[in-house]
Amino acid sequence: MKVNQELQEQVFLMDGSRKLPLHILKNEIILPVYNTPESEMLPAGCWQLLTEYHDITLSEELIPRLEDLSRNFLYQKERYAYLVNFYIDHDLHLYIQTQFMRHNASPKRFFRLSDEEGLKKKAKMAVTVAGLFVLRRCYGFFHLFCSSRNVLFLTENSNALKDNLKALYDRIDKTKYKVRVFAKDVFSDKRKSSMRLIKEVIYLALSHVVVVDNYTPLLTQLYLAKDVKLAQLWHAGLGFKALGYARFGRSESPHPYRSCHRRYTDVFVDRDDLIAVYSEVFGCDPANIKAFGMPRLDGYLEKENYLAAADRLYAENPALKNSRTILFAPTFRGRNHREATYEFSVLPLDKLYAFLQQNNFVMMIKMHPFVQERIEIPPDYRDRIFDYHDHDINELIYVSDIMMTDYSSCAYEFSLFDRPLIFFRYDKTLYEYERQVYTLDVFCQQQYEAVHFDEVLAILEQIKNDLPDDRFAGIQQGEPRNACNRILNELFEDI
C-alpha cells in the first residue's frame, strides 16, 4: 500500500489489545499476512491501520479500489481459506478483516454454529430451532383448513396497509374472496411479538394467495405449501439502492439459498426495463416478473385526485399555495430500521432559510419512516421550513415545485410530473461504496446532482425563475393505468 513520503511515524495494526508493527519500504506499507513478527499468520480479527500519533484515513478517490485489494488464499487441497478484506468506517478509517474459513459441505443449511460460539449461544440457537419446528407444524395443521378463496395482505413495515398493498386491497372483491390483513409495525412492542408471530403463521396457513410489499423475515424460515401463491408488490417503484442478492457478499446480504426472495411465484413491477433489475435482486426467474404497473399509481395523475389532495394541504398550510415549494425527502442512513438515522447537520438551516425568505420559497421536510428522530427547526424558521414527518409522501409530491432527495425511490413518483429534481448526495462516495447503486433513468428531464449544500443553493438560484406559474401545468394524463385489475386477474385466473 502506497503512503505519503512525509509519513515517518511507526505504522502498525491494532486489534483490541494486540499491536503488530509494520514496515515502510520505498513509500509502501508492507503487510505480511503470512509472516508476522511472531513468525505466524496475521491472526483472525479486525485490524485498524494506525500510526503512533495519527489515525490513518483513506482518501475518497481510493474508496472504489478497496474491493480490488481483498484476497482469498486457498490451502489444504482448497478445503480451507484465509480471507483478507479491506473496509472503512464512516470516518474513513481503514480496517483489515482477516478470518479463516473452511469448506461447507451443506450450504443449504440455515443454522450453523462456529467453533468460537459458547454454550449460551448454542442453547439460544437450540431454542430458536425448536420454536421454528413448532411454528412449521402449526402451519401444516392450519393449512388443512385453507380455502382457495383465502387471501392475505401481509406487511411487516407498518401497522397498516399502505401504498401498493392498500391500493390492491381496496380493489379486490371482498364478497368473492375471504381477505385478511396482517400488518406489523417494526417499532412495535416486543413483549407482544410471540402472540403476533403465532397469529401471522395461522394467517399464512389459511391463505391460498399471499401478497407482500417488502422483505419478510418469517418467510425465510417458514416454507409455504406448494399450492400457495406468494406475490411481491415491492414498495419502491424504482429503487436506486441495491437490495437482496444484488448486494450478496456485503453487509446484511441474504442467505444464498434460504432467502424468501427466491420463493416468489409472482413479482409485479412498473415497467419492462425493471424486470432484469428485480430478477437480480430477488434471485428469481425473470419469467415470474410481470411489468403490470404499480397499483398505487392507478389514478395518481387523475386531475380530481391531485386537486383534492392539494386543496387539503393548502387548507392546512396556506404557505404551500402562496409560495414556491421544495420537498426534501431523503432516505435513511444505517443498515436497517433499528439503526436508521440521518445527518441533519448537512442541511444548514440558516443558509436554507435565507434563500427561502429572499425568494418566497418554503420547504417541506419528509424523512424516511425509519428515521424516528425529528429535525429541530428553530421557531424563527418555522414560517418557511415545515416538518411533514406524518404526511403521505405521494400527496406532498402533488404540491412540490422542486424535490430534493438522494437515493429515495420517491424520485420515481416525482419524475411523473416533469419538475426539477435535485439529488443531494452529501456522502456519495461512502454510500455507494457500502452498497451498490443503480443509475436508472427516472424520466425526468431536469435532473441535478450536488454533494455540498452550497451546490444545492447554486442549483436553486439557477432554476428558480424557470418554474411555471401553474405547478400542475406539465402533468400529462396519458392512458389510464390499470395495474390493480391486471394483477388481480393474474393472481386469480385459475381460481
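Which hand, left or right, does the crossing of α2 and α4 have? The crossing is right-handed. The views below come from a predicted model.

**View 1. Helices α2 and α4 cross.** Helix α2 covers residues 119–143, and helix α4 covers residues 193–205. Their axes come within 8 Å. They cross at roughly 40 degrees.

**View 2. The residues between α2 and α4.** From α2, the contact uses Leu 135, Cys 138, Tyr 139, Phe 142 and His 143. From α4 come Leu 197, Val 201, Ile 202, Leu 204 and Ala 205. Sorted by class, the contact of α2 with α4 holds nine nonpolar residues and one polar residue. No charged residue takes part.

**View 3. An open sheet of six strands.** The strand order is β10-β9-β11-β12-β13-β14. The pairing is parallel. Strands β10 (178–183) and β14 (289–291) form the edges, and each pairs on one side only. From one strand to the next, the twist averages 20 degrees.

**View 4. Strands β12 and β13 side by side.** Strand β12 spans residues 229–232, and strand β13 spans residues 266–269. The two run parallel and are joined by two bridges. Ala 231 has its bridge partner in β13: Asp 266.

**View 5. Two helices pack on the sheet.** Helix α4 touches β9 (150–155), β10 and β11 (209–212). The direction of α4 makes about 150 degrees with that of β10. Helix α14 (residues 483–491) also packs on the sheet. Its contacts are with β11, β12, β13 and β14. The direction of α14 makes about 170 degrees with that of β13.

**View 6. Helices α9 and α13 pack together.** Helix α9 runs over residues 349–359, and helix α13 over residues 453–463. Their axes lie 11 Å apart, at an angle of about 10 degrees. Why is α9 called roughly parallel to α13? Angles under 35 degrees count as roughly parallel, so this pair qualifies.

**View 7. The residues between α9 and α13.** On the α9 side are Lys 351, Leu 352, Phe 355 and Asn 359. They meet Phe 453, Asp 454, Leu 457, Leu 460 and Glu 461 of α13. By class, the contact of α9 with α13 has five nonpolar residues, one polar residue and three charged residues.

Note on methods. Residues are numbered from 1 along each chain as its sequence is written. This is a predicted model: local features need pLDDT of at least 70, side-chain atom pairs count only at pLDDT 80 or more; totals for chains, interfaces and linings use all residues. Side-chain values use heavy atoms; hydrogens and water are left out. Axes are lines fitted to C-alpha atoms, for helices over the stretch in contact, and angles run from 0 to 180 degrees between N-to-C directions. Helices (H or I, at least four residues) and strands (E, at least two) are DSSP runs, numbered from the N terminus. A crossing is left-handed if the near helix is turned anticlockwise from the far one by less than a right angle, and right-handed if clockwise. Contact means heavy atoms within 4.5 Å. Ala, Val, Leu, Ile, Met, Phe, Trp, Tyr, Cys and Pro count as nonpolar, Asp, Glu, Lys and Arg as charged, and the others, Gly among them, as polar. Two strands pair if DSSP finds at least two bridges between them. Angles under 35 degrees count as roughly parallel, over 145 as roughly antiparallel, 65 to 115 as roughly perpendicular and the rest as oblique.
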